[in-house]
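Hi,

Here is the structure I said I'd pass along.

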Amino acid sequence: MKDRLDEQTIALRAAREFTDGSVVNLGYGMPGLCANLIPGDRTVFFQSENGMLGYGSLATDEEKDYELINASDQPVTPLPGTCFFDSAAAFDMIRGGHIDIVVLGAYQVSETGDLANWGRPGRPATGMGGGMDLAVGAKKVIVTMLHTTKDDGPRIVRNCTYPLTARRCVSLIITDLAVMEVTENGLVLREIAPGWTVPEVQALTEADIKPAADLKEIEL
Amino acid sequence: MTIKKVFNSCDEAVADIFDGATVMVGGFGSYGGLPINLIVALSKQGAKALTIIANMGGVGYELSHRIKPGGYQDSGILFENGQVRKFIGSVPALGGMPPTSPLERLYNEGRVEIETVPQGTLAERLRCGAGGLGGFYTPVGVGTIVEEGKEKKVIDGREYILELPLTADFALIKAHKADAVGNLVYRQTARCFNPVMAMAAKITIVEVDELVPTGRLDPEVIITPHIYVNRIVEVPA
């Protein structure tokens, strides 16, 4: 078995997309790791849908305050300029297009950028949380996910079979094997994990992926 | 004027919640802003066939005790007690967790109804209920199961669905401080769904860390004006 990127490295690659001064929301799970991985030369304002803008890194055990949490229920640290608001105001920001980037997890992404990230077979009682609002409202949707299911089944697919979060919303997919851009002409493979070939990645991807002319190894 | 809003105990404050009532429960997830003492009081009080409106359905006894030994963390207790007929919220159960939450178990046994609502839509439906509006058009949920059965409308070339207001008989909320007339301030992310639920229910019951004399809160920083608050219980943190 060849090495795949670990979750920390996927999150590190995603955090490189955060431009200086951008407003970023981090979804449940792996995306939350990005809070600790912002490139040192940039200022990023993290928004959290439970009503906070401008928080810092995840809190250490000594710093934990359970009335200062992100939307994944993880304690975080305040920064100068952090502000608080209620849930309705938080979603005005999200729906109204005031968030530059959201990073979300996914069960499946389709070749047209449809996202399925909240429900799965056998679990009818789970919910979408703020995922639908974020997928529809953020200016740019980045997905971080594992490229395949545990038994190497595809998760980058032609059409999602899991319940949809939103249609045609994803711009960039970052996995443990590849960085792919969703374009009008389908998925373009921009970067590939060290040691992997295009046919090997394609074999684990149901949707067609076209290698970019300047395809390179995943850069961190 | 002698409207008495300050109650001595959570038990007293929830005593008249009736069978079949619709009850909003503030907070966000299992921490920060959850009115846990009012939830526990309602579980002891025993009202049945409730409709619960809350962001999350709660993780339940097993998981909450793993997170915080000895302490019941969330509204899962109301489901575990069989007090709930219907849940309206954005995260009935967490897909990333094992299916151990009381709400998910009851749902799988066909014993409770669930209406799953995107979180921002939930907040806005509450605000409509609070503000006397008949609903709103949102692009969230278009092309997903959320649009099923809802009126659709194209506005400026974009597709929207109609979402309707939510109101309730009672709201149980948590704030940091109240004064004796019921003005509220919150602490950090413990604000979340509490202010908008306070405004959307007929009777709003708040538990606070600290009750202060009227006039002591800076009028410039009051988040919930007192007309939205009916009952106050001080539960020092």
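Let's start with the largest nonpolar core, which has 137 residues. Bear in mind that this is a predicted model. The residues with the most contacts inside that core are A:Leu115 and A:Val143 from chain A, plus B:Met24, B:Ala171, B:Leu172, B:Met197 and B:Ala200 from chain B. Strand β9 of chain B, residues 168-179, gives the most to this core, with 7 residues. As background, nonpolar side chains in soluble globular proteins tend to be buried together.

Leaving aside neighbours within four places in sequence, B:Met197 is in contact with B:Met24, B:Gly26, B:Leu126, B:Ala171 and B:Ile173.

Next, the loop between β10 (184-185) and α7 (194-200) of chain B, where you'll find B:Gln188. B:Cys192 sits in that loop between β10 and α7 too. B:Gln188 has a phi near 50°, a positive value in a residue other than glycine. For B:Cys192, also not a glycine, phi is positive as well, near 30°. Are they buried or exposed? B:Gln188 is buried, with 21 other C-beta atoms within 10 Å, and B:Cys192 is buried with 35.

Finally, chain A as a whole. Its secondary structure comes to 4 helices and 13 strands. The radius of gyration of chain A is 17 Å, close to the 17 Å that the globule rule gives for 220 residues, so chain A is as compact as a globular protein of that length. Buried residues make up 49% of the 220. Of the contacts in chain A between residues at least 6 apart in sequence, 63% join residues at least 24 apart.

Cheers

Notes: Residues are numbered from 1 along each chain as its sequence is written. Chains are lettered from A and ligands numbered from 1 in the order in which they are written. This is a predicted model: local features need pLDDT of at least 70, side-chain atom pairs count only at pLDDT 80 or more; totals for chains, interfaces and linings use all residues. A nonpolar core is a set of buried Ala, Val, Leu, Ile, Met, Phe, Trp, Tyr and Cys residues joined through C-beta atoms within 7 Å. A residue is buried if 20 or more other C-beta atoms lie within 10 Å of its own, exposed if 12 or fewer, and partly exposed in between; C-beta atoms are placed from the backbone. Helices (H or I, at least four residues) and strands (E, at least two) are DSSP runs, numbered from the N terminus. Two residues are in contact if their C-beta atoms, placed from the backbone, lie within 7 Å. The radius of gyration is taken over C-alpha atoms; the globule rule is 2.2 Å times the number of residues to the power 0.38.
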